[in-house]
Amino acid sequence: VDQALKQANITKEELKAIAIHSTQTNIDKHYDGLIKGMEKFKINTCLRISHFLAQVLEESAHLRLTKESGDENYLSVYKGWYGRGLIQLTTEINYKAFQKAIGEDVTSNTVNRDKLLNNPYASYSAAWFFAEKAELNDDADNNDFINIVYTVNGGFNHYDDRLESLKKGFEILYGKCSTSNEKKPIYTFNNSKIYNKMKACIGWGLW
């Protein structure tokens with residue numbers, strides 16, 4: 001059985017080696033939540049963890065932010081459902097779906113929505129979005145980085161930074177897998193499943 005498809009985990013030291021732009025303080029702050037969130041939502045193989053972390057690190061400014069940037073006037077447009085968590089969850093529909101997934105109130109008022117700003121919910125919401133809302137575990141298994149970036153970001157913003165983190169994940173984590181040579185962090189658009197999506201093609205061309 002391919003070791004990459006067996007259950008995997010990540011130590012705090014390995015996380016730091018991948019998250020090279022994150023402070024040790026933020027590593028310490030989010031490590032336990034990330035581990036629990038990944039376990040809860042089956043982000044539990046070398047490939048899945050590597051791809052998940054590549055997106056989390058960019059979306060959270062390397063574990064620094066758990067709230068969407070912007071002043072209160074800007075955030076008021078969301079009517080309280082602005083981006084929170086390590087992969088900033090937005091909209092009432094998504095908050096309610098996440099609430100159903102974890103069986104805990106994160107919607108009834110601002111205090112409960114603000115749970116996503118802190119551990120473990122900042123990590124839980126990111127793992128839920130990656131694995132269940134966006135259904136990216138299979139794409140991680142298939143090493144479809146381009147589709148993962150597009151799905152999380154809605155485009156290809158900071159693609160190179162995400163790829164840098166992914167390459168560190170391959171070096172530090174996926175490199176431990178016995179058949180790691182089967183997959184490489186090298187990607188071409190025509191090999192991604194979004195190749196036939198017109199909007200994605202336009203976005204790739206603009207990027």
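**Entry 1. The loop between α3 and α4**

I began with Leu-63, which is buried, with a relative accessible area of 1%. I was working from a predicted model. I placed Leu-63 in the loop between α3 and α4. I then looked up its backbone: phi of Leu-63 is near 70°, a positive value in a residue that is not glycine.

His-62 is not a glycine, yet its phi is positive, at about 65°. Is His-62 buried or exposed? I noted a relative accessibility of 19% for His-62; the cut-off for buried is under 20%, so His-62 counts as buried.

**Entry 2. Gln-55**

I located Gln-55 in helix α3 (residues 46-59). Its relative accessibility is 0%, so I recorded Gln-55 as buried. Which residues does Gln-55 touch, leaving aside those up to four places away in sequence? I listed Ile-87, Phe-130, Phe-145, Ile-148, Val-149, Val-152 and Arg-162.

**Entry 3. Salt bridges**

I looked up the salt bridges and found a count of nine. I inspected several of them in turn.

Asp-28 and Lys-12 form a salt bridge through their side chains, at 3.3 Å from N to O. This pair links distant parts of the chain, with Asp-28 in helix α2 (residues 24-40) and Lys-12 in helix α1 (residues 12-18), 16 residues apart. I noted that Asp-28 is partly exposed at a relative accessible area of 40%, and that Lys-12 is partly exposed at 28%.

The side chains of Glu-92 and Lys-96 also meet in a salt bridge, with an N to O distance of 2.8 Å. Both residues belong to helix α5 (residues 92-102) and sit four residues apart, about one turn of the helix. I recorded Glu-92 as partly exposed, with a relative accessible area of 35%. Lys-96 counts as partly exposed as well, at 43% relative accessibility.

I then examined Glu-171 and Lys-168, whose side chains form a salt bridge at 3.3 Å, N to O. Both lie in helix α10 (residues 159-172), three residues apart, about one turn of the helix. Is Glu-171 buried or exposed? I found Glu-171 to be exposed, because its relative accessible area is 51% and the cut-off for exposed is over 50%.

**Entry 4. A cis peptide bond**

Last, I looked up the peptide bond between Asn-119 and Pro-120, which is cis, with omega at about 0°. I placed Pro-120 in the loop between α6 (110-113) and α7 (121-133).

Methods. Residues numbered from 1 in each chain as written. Predicted model: local features only at pLDDT ≥ 70, side-chain atom pairs only at ≥ 80, totals over all residues. Heavy atoms only, no water. Helix = DSSP H or I, 4+ residues; strand = E, 2+ residues; numbered from the N terminus. Buried < 20%, exposed > 50% of the residue type's maximum accessible area, 1.4 Å probe, protein only. Contact = heavy atoms within 4.5 Å. Salt bridge = Lys/Arg side-chain N within 4 Å of Asp/Glu carboxyl O.
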